[in-house]
Amino acid sequence: MRESCKESKTSTTRLSSCKLDLGLVVDTTQSIKQKNINELKTVLKNLVQQFDISNDGAHIALETFGDKSVIHNLFDEPKFFEKNSLTNLIDEKIDKLTKPTRLDLALEKADLELFTRENGDRHGVRSVMVLFTDGRSHPTETEKKKYKEHLRSIKSKGVRVVVLAIGPDAQKPSYQKVLKELGGENVLSAHDYGSLVGALSDVVSIICPPNPCEAQGMDLAFAIDRTRSVGIDDYKLVKGFLLQLTDALTIGPEETHTGLIVFAKQAHVISTFADSGFYDKENLYHLIYNLSGEKGSFGLRLFIDRALKKANEELFTDRGGDRPEFPNVLILLSAGKTNPESKSFSATIPLLQKKGVKIITIGVGNYEEFEGQLEEIAGEDVYTVNSFKQLSDLFAGILEATCSQPQVNRRLFKLRRDWHRNILT
C-alpha cells in the first residue's frame, strides 16, 4: 500500500485534456465521524477542480454508501458538465452518516447502474472508479462473494479501480486484504482526514497518468491466450485490461490502428490493421468486450508459435494494413508454456524483428513454469503477474513500453514514397 501525505502539486494544465468517466464512490458510515466530514468534502471538491469537465471532456458521478448505496448523479446528466454543480452536489450529499459498511452494495450499484452505457458511461473513453474508505468492512461470506463478482464485472468493462484508504484501520491486515483485492497496487493511504488533500496529487496521477501514447500513432497487435488455463472468469479480466490500454490510446485513421489474434492450438485473426471499422474507439471497445468467452471457446493446448506466425503473415503485412511509416508493436499475453510440439520461435521472431516489430510479452501465473520462454520472444520486454486480478497493476508499465518505439517522420516518409511512385510511373 502506498503512503501519500505530500503537499499536492498537481498540474491542472496537463490534466485539462484528460477525457474520462470518473466515478467517486464514497464511504459515509459512522466510523468516519461527523468531525471529518468537512475534510472529506474539501478533498472531493478539490479533486473535481483538477479536470476539464465538459460535454466532451471529463464526466464525474457521485455515489455514497453506508447501510445502503445511493447514486446521486449520472455521467450523462448535462447539469453536471460543469464544476459548480458537482461541488454543490458534494456539499449537499456528503452529510448523514449511517452504519454498517455495505461495500458489496456499493460495488453492485457501481456495476449495474453507474458504469453502464444506459447511464452515460462512454465506451471507448477511459473509465476510473475511486473508492474513498476508512477500510472498515465486515461482510458475510455471501456478501464477499457478491462484491467479488461485481468487482470482476466492473474491471471487465475496462474500469480502473483506485482506492484511497484513510486512517489507522485501513492499515490492519484484514482490511488491507480487502483493499488490495479492490485496487491492487492502486491503493493509497492517508493517515487521517486532515492529510487527504496532501494525497490528492498521487490520486490524480493514478487516475490520469502522463500518457506516453498521447498524439502518437502505431500499428499495435494483441495476441491473447484463449486456453482453458485462462478460463471464462479470468478471460473477462483480460478483456477489461485490453480495454484499459486501448482507451488510453489515440485511435483513428491517421493515428493508432489495432489488430487482434486469439490463440490456443490454432491462432485466429479477429481483426487486422486494415479493418477501418475499428479506427473508431467505440467500435474497438465493442469488438474487445464482445469477444467470445463461452465455455466451448477455450482450447486445451497452447501453441504460441502459431500466434507469432499469424501476426507475421496476416497482420504485419501490406494486406494486413501494416503502415511502414508507423511503429509496429505486438503485445502477447500467455498463461502458460507453449506446447512441446510447437515449432521453434526462431523461425518467426527474426521475421518480425526485420519488420521492426517490438514484441512485449505478459505472463500470468507461476513464472517459474515458463521462465526463459517469454524472454526468448521479447528480450527484456517481459511483464509477469501471479494472477489475472493483478493485470491492472501492469497498466502504466505496458503503456510506456508500447509507446517507446521511435516515431517515423511521417510527412518525410510520405514525400519519399510519393516521389518513388512518380518515378516508377
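What is the handedness of the crossing of helix 8 and helix 9? The crossing is right-handed, a term used where the near helix is turned clockwise from the far one by less than a right angle, anticlockwise being left-handed. This is a predicted model, in which local features need pLDDT of at least 70 and side-chain atom pairs count only at pLDDT 80 or more, while totals for chains, interfaces and linings use all residues. Residues are numbered from 1 along each chain as its sequence is written, and side-chain values use heavy atoms, with hydrogens and water left out.

Two packed helices are described by the angle between their axes and the distance between the axes. For helix 8 (residues 231-247) and helix 9 (residues 281-289), the axes come within 9 Å and cross at roughly 165 degrees, and the two helices are therefore roughly antiparallel to each other, as angles over 145 degrees are classed. The contact (heavy atoms within 4.5 Å) is made by Lys239, Leu242, Leu243, Thr246 and Asp247 of helix 8 and by Lys281, Leu284, Tyr285, Ile288 and Tyr289 of helix 9. By class, this contact has 6 nonpolar, 1 polar and 3 charged residues.

Arg117 is partly exposed at 44% relative accessibility, as is Glu282 at 27%, where partly exposed lies between buried, under 20%, and exposed, over 50% (1.4 Å probe, protein chains only).

A second pair of helices involves helix 2 (residues 37-49) and helix 7 (residues 200-207), whose axes come within 11 Å and cross at roughly 45 degrees, which makes helix 2 oblique to helix 7. Val43, Asn46 and Leu47 of helix 2 meet Leu200, Val204 and Ile207 of helix 7, a contact with 5 nonpolar, 1 polar and no charged residues.

The structure holds 16 salt bridges.

How values were computed:
Axes are lines fitted to C-alpha atoms, for helices over the stretch in contact, and angles run from 0 to 180 degrees between N-to-C directions. Helices (H or I, at least four residues) and strands (E, at least two) are DSSP runs, numbered from the N terminus. Angles under 35 degrees count as roughly parallel, over 145 as roughly antiparallel, 65 to 115 as roughly perpendicular and the rest as oblique. Ala, Val, Leu, Ile, Met, Phe, Trp, Tyr, Cys and Pro count as nonpolar, Asp, Glu, Lys and Arg as charged, and the others, Gly among them, as polar. A salt bridge is a side-chain nitrogen of Lys or Arg within 4 Å of a carboxyl oxygen of Asp or Glu.
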